[in-house]
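Reader: I have a structure open and a few questions about it. Can we go through the packing and the sheets?
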Amino acid sequence: MSVQLAGGLRQYEALRLLLGDVVEALGATGGMVHVGGAGIGHLYLAASSGLSRSLAETWREIGWDAQAPPALAARDNAYVCTPGTGTPGPMGGRYCAAVVGTGMAATPVPAPHGPLGALSVFTAAPDGLDAKERSLLAATAERIAEDLRSAPATPRTSTTAADKISGIGTWQWDFAGGTVEWDKAALTILGVAGDTLGSTVESWMDIVHPDDLVQVIAASEQAIRTRRAFGLEYRVRRPDGSLRWVESRGHVLPDDSDRPYRAIGTLRDITDDRLAQHSVGRALQHMSDGLLTVGKDWRITFANMAAEHLLGPSGELIGRVPWKALSGIDPRCLEAACRRAMAEGRPTGLDAQLAATRRWHHLRLVPIPDGLIIYFTDVHDARQREAEQLAAEHAAATRTARIGELTGALAVAVTTTDVVDAVADHVLPLFGAVGLNVFTKEAEHLVLVGAVGYSKEFLDRVNGLLVQDSTPVNQSLHSRSPIFVPSQEEFLRRYPELADFPAEGEKQAWAFLPLIASGQPIGACVISFDRPQAFTSEERTLFTAVSGLFAQALARARLYDTEHTRAQTLQRGLLPRALPDLPTMTAAARYLPATAGMEIGGDWYDVIPLSGERVALVIGDVMGHGLAEAATMGRLRTAVHTLADLDLPPGEVLSHLNDTVSSLGDEFYATCLYAVYDPTSGVCTVASAGHPAPAVVLPDGAVRFPDVPVNPPLGAGVPPFDAGTLELLDDSLLILYTDGLVESSTLDIDQGRARLAQQLAHALPLPPQHPAGKVFRASWPSGRGGTGRLERLCDALVDNLLPAQQQTSDDTALLIAAPHPLAPGDIASWPLPLEPEAAGQARGHVRDRLAAWGLDGLTATTELLVSELIGNVVRHAEGPIALRMLRGRTLVCEVSDGSSSTPRIRRAAETDEGGRGLQLVAALAQRWGARYTATGKCIWTEQPLPARHE
């Protein structure tokens, strides 16, 4: 029923506030307000405080003759108390079960002709309430009664002649039987088919909206007691879930003893009238311009306050045709303009001097589906004062220029942040605003993506309220119409539940603008001011235009952000998640996408452990940007891993990669550098296909760019690919990079290398022999300690060579590796004769070496593996033979010979005497394999070390 009480609160909310106060003051555990009486036959729960949902449901409805304290207090019009004794007391049934161990105190809600209901509280006090507490309870009941009695009657809506003869239902209420009968028209209004509504008073109360139920009960009971005619407007909930406003009018009939026994009345659907009254009237009543609405029959149906000020009271305007109601305007001219606007469906206008004010106004005639809207804009000063006209023209020109600047800024804005910044820089000065909030629609809720002129605390609170549909931001988005609030007073009137927001945000006027792109709502923005604003029709139109530009740019930016995020996710997924932690190589890497443009690139890097504690380092760059190049990078990275497992030399790896790229088409090219580091010799074999040479930082701090054989890029080269060797000493660094780190449109590769060397010199600690050196580089120990130092070095190089604000058109990959040669004591090798007794000699060497290393537990397995490998070599290969053992992250055994034939596991038949050796090797070793060497091949096995040796 939307009855308004003091403070602008709905009646239900006011009751809850009063109830909460008295519950807190009395130290009670909960409280209730019931309304109703003998006429209705029940008391209904109007408000509760401190009650769970299940307990409130227990007390939702109380029979008038029940023994519960609320019914006793209302029926006897007296205070009732049941102390908390722990026993049921006088109540029975479901009421008793709800309050065992807790007492109740109830007092009637007074009225001249009998109580309107009862106020009750739950209390555990053994003696109930004392005199002072009872007085407070009674005073609260008086206040509740005043609110119920003082609620202003809902204004009667207009009723046409058609309403009087159709669309009105009737009802009859029998007080003695507690039944209500509805005719067919009334049931139609209530949306009920047949007699499914039921004839009890309870069935009627069930369809009344909960917010209106209190007033319906109170007004009905009052009418029964006073025997007066009554009229109510309230909402009902139809069975299909829809809400309708109805007007119920009736009067009470007395029996022969002058006691009320029956009420009869009518029911009318007034939903359309209410919507017109609340949505149109409230939105337009306070416009700064005068406004008239004209129906299709050319009669005035609405006049706002500004129009009444110009033309006279609305009572003298409603129902008249505009060219007869507007004195001082040529009726033929106005009639022609009105008919032309309606016929052409386009707005038109004319200037006229109104007789009442003798001031010139511009009448803008805007056709709408239901008729015509006439706006009155005062242009008297503009016509009288040429200087002001010139100033207005200048202001319009300035706004046009700024709109052009805004359009240009939005055209080049790429991300959502760019768009928000462009609006803040150009729109706020355009309107003289000081605050901006930008929201985007994510799923079903709005999310704050940018703000200017507000504190973080305020924005955090705004974020928490975005889920509520009642906020003006959500309302503007749902209605797809802007909402203009010209002052704090207007904001408080419209949104009393947000009364503290204007002061907290330090703003005094707001424009809530929906952002619609391609017909779909994508977000909203709020432009706020530090002083009240009139929001003229021109400004509102400009706001609408700006919001359209903003929405299109924001939609484009969101698409960019989404695609960019997906591209970055794809790029990261194709790169290594983490580099392996190896005892012979510590490494750290960085990948930085291009900052100019959205597309991903094809730069990549990898660190791959090989047999014999060797490590492969690879870095590459697929030429171009986009998903195709990223996919090519993924193929190459997978191919590199496959070729690395085959233990092919770097030159052969590049040859196979060249075939892979060539098969993709002539438009694909890539550069790649593949290096294999052998910790037993400290030698790194490097092959490059069109890739920049690596940088080597020597132990003395010098930076060198060694000569590496140059081969064409992958996809353009012809095998073989030449390789070179580098000697990497302990405490040295090998730095691999793509051209994005050292080359740009303003920097050639030689200059870029010089900058890289300079930054390395600045970032690295001084060598010990330097006069200022105090700490030896210790360098880059394996494990997390060394990785942390390399990570910091990566950050230093990236920050200095690629500043955050620099726009680059190429991706960048950086890989820094610190080699760790195996200690001589972890390497053992012996030559063996190409004779059967070689196996026995090898077993002896294994026993001695494992004993020296403290690995006796691996002796039996290692002897068996070595015996099988040497037996296979003696049987199928040629000399010379050698055995080598390495103690690294695993125990490695290598048997080399002069043959290039590769051993393969085969399935031996039951009658075969041999063929099972490699099956045994595969079963006993963690890994095994073979690789080619300069003199033949090498068969190797790996066994895990005990935990204390790892």
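Author: Let's start with a helix pair. The crossing of H21 and H22 is left-handed. Note that this is a predicted model.

Reader: Which residues of H21 and H22 make the contact?

Author: On the H21 side they are Leu570, Gln571 and Leu574, and on the H22 side Leu627, Ala630, Met633, Gly634 and Arg637. By class, the contact of H21 with H22 has five nonpolar, two polar and one charged residues.

Reader: At what angle do the axes of H21 and H22 cross?

Author: Roughly 15 degrees, and the axes come within 10 Å. H21 covers residues 537-574. The two helices are therefore roughly parallel to each other.

Reader: What about H22 and H23, at what angle do they pack?

Author: At about 145 degrees, with the axes 10 Å apart. H22 is residues 627-645 and H23 is residues 650-662. Their crossing is right-handed.

Reader: Which residues meet there?

Author: Leu636, Ala639, Val640 and Leu643 in H22 meet Val653, His656, Leu657, Thr660 and Val661 in H23. The contact of H22 with H23 has seven nonpolar and two polar residues by class, and no charged residues.

Reader: Moving on to H26 and H27. How do their axes cross?

Author: At roughly 150 degrees, and the axes come within 9 Å. H26 spans residues 838-853 and H27 spans 859-876. That angle makes H26 roughly antiparallel to H27. H26 passes H27 in a right-handed crossing.

Reader: What is the contact of H26 with H27 made of, by class?

Author: Seven nonpolar, three polar and three charged residues. From H26 the residues are Ala838, Ala839, Ala842, Arg843, Val846, Arg847 and Leu850. They meet Thr859, Thr862, Glu863, Val866, Ser867 and Ile870 in H27.

Reader: Over how many bridges do E36 and E37 pair?

Author: Six, in the antiparallel sense, with E37 running over residues 937-944. Tryptophan 928 stands opposite threonine 941 in E37.

Reader: Now E14 and E15. How many residues sit between them in the hairpin?

Author: Six. Arginine 358 in the turn has a positive phi of about 60 degrees. E14 (residues 348-353) and E15 (residues 360-368) pair in the antiparallel sense over six bridges. Glutamine 353 has tryptophan 360 in E15 as its bridge partner.

Reader: And how many residues lie between E15 and E16?

Author: Two, again in a hairpin. E15 pairs with E16 (residues 371-378) over eight bridges in the antiparallel sense. The bridge partner of histidine 362 is threonine 377 in E16.

Reader: Some loop residues next. Is glutamate 613 buried or exposed?

Author: Glutamate 613 is buried, with a relative accessible area of 2%. The residue lies in the loop between E23 (601-609) and E24 (615-625).

Reader: What does glutamate 613 touch?

Author: Pro583, Thr584, Pro679, Leu822, Gly888, Arg889, Thr890 and Val892, not counting residues up to four places away in sequence.

Reader: And proline 126, buried or exposed?

Author: Proline 126 is exposed, with a relative accessible area of 56%. Proline 126 is in the loop between E6 (117-123) and H5 (131-150). From proline 126 to proline 83 the C-alpha to C-alpha distance is 5.2 Å, and they are 43 residues apart in sequence.

Reader: Last, some overall numbers. How many helices and strands does the protein have?

Author: 28 helices and 37 strands. Of its 950 residues, 47% count as buried. Among contacts with a separation of 6 or more, 61% are between residues 24 or more positions apart.

Notes. Residues numbered from 1 in each chain as written. Predicted model: local features only at pLDDT ≥ 70, side-chain atom pairs only at ≥ 80, totals over all residues. Heavy atoms only, no water. Axes fitted to C-alpha atoms, helices over the stretch in contact; angles between N-to-C directions. Helix = DSSP H or I, 4+ residues; strand = E, 2+ residues; numbered from the N terminus. Parallel < 35°, antiparallel > 145°, perpendicular 65-115°, else oblique. Left-handed = near helix turned anticlockwise from the far one by under 90°. Contact = heavy atoms within 4.5 Å. Nonpolar A, V, L, I, M, F, W, Y, C, P; charged D, E, K, R; others polar. Pairing = 2+ DSSP bridges. Buried < 20%, exposed > 50% of the residue type's maximum accessible area, 1.4 Å probe, protein only.
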